Amino acid sequence: MSTSFRIAAVAAAAALALSACGSDGDGAGADGDGLKIGIKFDQPGLGLKDGENYTGMDVEVAKKVAEGLGVAEDKITWVQAPSPQREQLLKTGQVDMIFATYSITDKRKAEVSFAGPYFVAGQSLLVGADSDITGLDDSLDGKLLCSVTGSTSAEKIKEEIPGVELQEYGTYSECAAQVANGTLDALTTDDAILAGYAAQDTYKGKLKLVGGTFSTENYGVGLPKDSEQCEEINEILNGLWEDGTMEQIISDNLGEAGYEYNKELNPPEAGGNC
Amino acid sequence: MQTIFEQFGLLAAFWMTIKLTLWSALFATVIGTLVAIMRLSPVGILRQLGATYVTLVRNTPLTLIMIFSSIALSGVLGLVLASRDAPGGYIATQNFRLAVLALSVYHAAFVCEAIRSGVNTIPLGQAEAARSIGLTFSQSLREIILPQAFRGAVTPLGNTLIALTKNTTIAAAIGVAETALVMRNVAEFDPGLLWTAFGLIALGFVILTVPMGLATSFLAHRLAVKR
Amino acid sequence: MTAANVLFDAPGPRARARHRMLAIVGLLALLGALAWVLMRFQAKGQLEPALWSWVVQPDSWRYYLLPGLLATLQAGAIAIVVSMVLALALAMSRMSEITVLRWAATLFVEFFRGVPVLIMMLFAFYFLVDRGWLPDSTNPLAGAVTGLVLYNSAVLAEVIRNGVASLPSGQREAGLSIGLSPSQTRRIILVPQSLSAMLPTLVSQVIVILKDSALAVMILYPELTRAAGDVGSAKGAPLQAYVVAAVLYIVVNYTIQRIAQWVESRQRRRGRSAGGVVHADTGTLGAGTVDGAQVMEDAAGHVHTNLEDDVSRSAHRGIGRD
């Protein structure tokens, strides 16, 4: 895949050089090396690699931001950015920016910069369609809760309701499959992620979100510390909400299963985290 | 260093390693001996079955078997190995037992081959003598062949045990709280302690496996059938 | 499967009947087990064509399974080559007259053979990530290969050394008597023979490496097990995906196993093995050829250290040499 990607990039560069015949012909500016953007590869509705295509809310927002920065879509190299390694990817320059359900936290801000937030998600619960779990309350007592290794969201629930038992897997996909077939009772993480699974073809009608949101996760664009592009990206993000692009992206990618994002907290004002 | 013991629970992780090793060794020996008997038996179809088992299992990565037991056997097919009110929690117990299942099934193939290599140390005359005094297949297996085979197989069996001990780390793939999980948690939450964690865990495995190696050599000498 | 099995007599009519019974029982048990599995699948709806049909879609192979298999083979290929080079250096050092070198090599071999591959892989990966020495996303591959190399070079070094030790002593004496130095003798006479004798072991070591490369699923290297996980969640068929991956592993590894057996039998025919190759069933009970090489290597290669241990040596050769 990467080969065909490179071929595409070379072809694009060649076309550019031909059209710019006579001028400096170098493909100057940001066009020169494109952008390496870190996304999730396994998060349906947010960042999913399906064959050669990349889909999801984060991917679409990333494309719009790249467009705003003057980088064409075919100059974007998508890089897998798994949760535990996002800071490292940025610090070591393996990616230029990250759109991967990346919550802005003080701890992370010590290591990287954030543009945004561009979306406010909140922790919620995904359960089987006929489950009697109603939310973060006694109905969870004694239930089997799934989350991923290194995630703190499940720990939070365990503090509130000590009776729940925790299963940890490498990815949420493994959790979703087991909640859908009833082996495990609930999956907890950000509502946007959960909505992505509920909307997936395989799980249509088998999963539902319950209990609203009980935390605030400000999704930001991860950037290397003190990035110069940070303010520029904030402006682009605010623009996306103003002209309705963001609403469209959300309903295209997450709306399938009747998901409603938290209207009280969205749209957020991007800025202040650079 | 204190943090690794207190916050990340290294000692508990090694205790888990030991528990996984002991239970898996027990079941692997039982399954492996059964498969070895099948492979030595006069019934063609049983020999084939045993051989197929060994070929299939030995060519599949333990990691895959481990993940399969959790995601497919437990997750999809609904295999339940623990009761809902098991002490220590249903999920922890279930995962532990699934890990033991995967480790046993995998290492049984190596136990089987170790026993067969032990059988190969037994001179022809032993079996001929057994037959000539009228022992049946199962009698000669029980009285003559297997006891000598186990003694001749001490070294490969010991090596399988050492490999099993190290392979218990793979249980981390399904969330069993043992040393590899500690290693990963340290790397993710406290990267400054990476070297210390590696050193301590490596040391722990040396402490566990070196006596096994010594015991194997000692027993191999001690139990060797003098010929 | 050797026909010359002396564990039991040529069966008479009653024994034949009993064997037939056992065969039928075995067959029924097998069929029963298969039926149970199928019923279980059916009960959980795992036989639905929709959950299997993706296996024959070219896209599943093009974007998931083949790249995964390729990544597995890539890690395996790099690891076996580097391991072999390092193993040669380690074996030479371990047999050297220079004490410091000998000690260092011994320490390396004994340490890395005792530490689980997964621990080394995790350490190597996070260490490399932390340092950021390598470009882009090569860290998972580098971490996987480092873990595999540290372990397998230690094991292979012992195989080489064992091969040298098992050569007839006349080989070494002849070398010394024509005026070669000890190190020349090793380089020119002993190690080459050991290397040619260990070829089957080397080939079956590839299987060990390919299997261990699946550990890299934990450090996000996109090898076959991870690819199976990915395609499983994309198609909503995790069980089926892992079954397909298992079949792929078995096909690849079984092929390599057959190659190793072929190499071994060819060497034995040519009588070139000076002692390192595992001989099976001459003069003992015909339990069939045991793939001793693989048993030993999977089992941490400890066999090869017990050089003074005649019992175990003969146990693994299958011949009482003494």
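This is a predicted model: local features need pLDDT of at least 70, side-chain atom pairs count only at pLDDT 80 or more; totals for chains, interfaces and linings use all residues.

Author: Leaving aside neighbours within four places in sequence, C:P238 is in contact with residues of three chains: A:E174 and A:A177, then B:I71, B:A72 and B:V76, and finally C:G232 and C:S233. In its own chain, C:P238 belongs to helix 11 of chain C, which covers residues 238-270. Is C:P238 buried or exposed? C:P238 is buried, because 24 other C-beta atoms lie within 10 Å, and the cut-off for buried is 20 or more. Not every part of chain C is at hand: C:V82 is 156 residues from C:P238 in sequence, and the two C-alpha atoms are 34 Å apart in space.

Chain C is the background to this residue. Chain C has 13 helices and 0 strands. Of its 322 residues, 50% count as buried. Among contacts in chain C with a separation of 6 or more, 73% are between residues 24 or more positions apart.

Now follow the contacts into chain B. The partners of C:P238 there include B:I71 and B:A72, and helix 4 of chain B spans residues 62-76. This helix has a kink of about 35°, centred on B:F68. How many of the 15 residues of helix 4 of chain B are buried? The number is 14, so the helix is mostly covered, as the buried class asks for 20 or more C-beta neighbours within 10 Å. After helix 4 of chain B comes B:G78, with a positive phi near 70°.

Chain B as a whole has 10 helices and 0 strands. Its C-alpha atoms fill a box of roughly 70 × 40 × 30 Å along the principal axes. Buried residues are 56% of the 227 in chain B. Of the contacts in chain B between residues at least 6 apart in sequence, 76% join residues at least 24 apart.

One pair of helices in chain B shows how such elements can meet. Two packed helices are described by the angle between their axes and the distance between the axes. For helix 5 (residues 90-119) and helix 7 (residues 137-152) of chain B, the axes come within 7 Å and cross at roughly 105°. Helix 5 and helix 7 of chain B are therefore roughly perpendicular to each other, since angles of 65 to 115 degrees fall in that class. On the helix 5 side of chain B the residues are B:I115, B:G118 and B:V119, and they meet B:I145, B:A149, B:F150 and B:G152 in helix 7 of chain B. By class, this contact of helix 5 with helix 7 of chain B has 5 nonpolar, 2 polar and no charged residues.

Chain A is divided into domain 1 (36-120 + 219-257) and domain 2 (123-210). The C-alpha centres of domain 1 and domain 2 of chain A lie 25 Å apart. Their contact takes 14 residues from domain 1 of chain A and 12 residues from domain 2 of chain A. The domain 1 side of this contact in chain A divides into 7 nonpolar, 5 polar and 2 charged residues.

A cis peptide bond joins A:G116 and A:P117, with omega about 10°, and A:P117 lies in strand 7 (residues 113-121) of chain A. The peptide bond from A:N266 to A:P267 is cis as well, with omega near -5°. A:T101, a residue other than glycine, has a positive phi near 40°. A:T101 is buried, with 26 other C-beta atoms within 10 Å. A:D226, again not a glycine, has a positive phi near 55°. With 9 C-beta neighbours inside 10 Å, A:D226 counts as exposed.

Notes. Residues are numbered from 1 along each chain as its sequence is written. Chains are lettered from A and ligands numbered from 1 in the order in which they are written. Helices (H or I, at least four residues) and strands (E, at least two) are DSSP runs, numbered from the N terminus. A residue is buried if 20 or more other C-beta atoms lie within 10 Å of its own, exposed if 12 or fewer, and partly exposed in between; C-beta atoms are placed from the backbone. Two residues are in contact if their C-beta atoms, placed from the backbone, lie within 7 Å. Axes are lines fitted to C-alpha atoms, for helices over the stretch in contact, and angles run from 0 to 180 degrees between N-to-C directions. Angles under 35 degrees count as roughly parallel, over 145 as roughly antiparallel, 65 to 115 as roughly perpendicular and the rest as oblique. Ala, Val, Leu, Ile, Met, Phe, Trp, Tyr, Cys and Pro count as nonpolar, Asp, Glu, Lys and Arg as charged, and the others, Gly among them, as polar. The bend at a residue is the angle between axes fitted to the seven residues ending there and the seven starting there. Domain bounds come from an automatic or database domain assignment.
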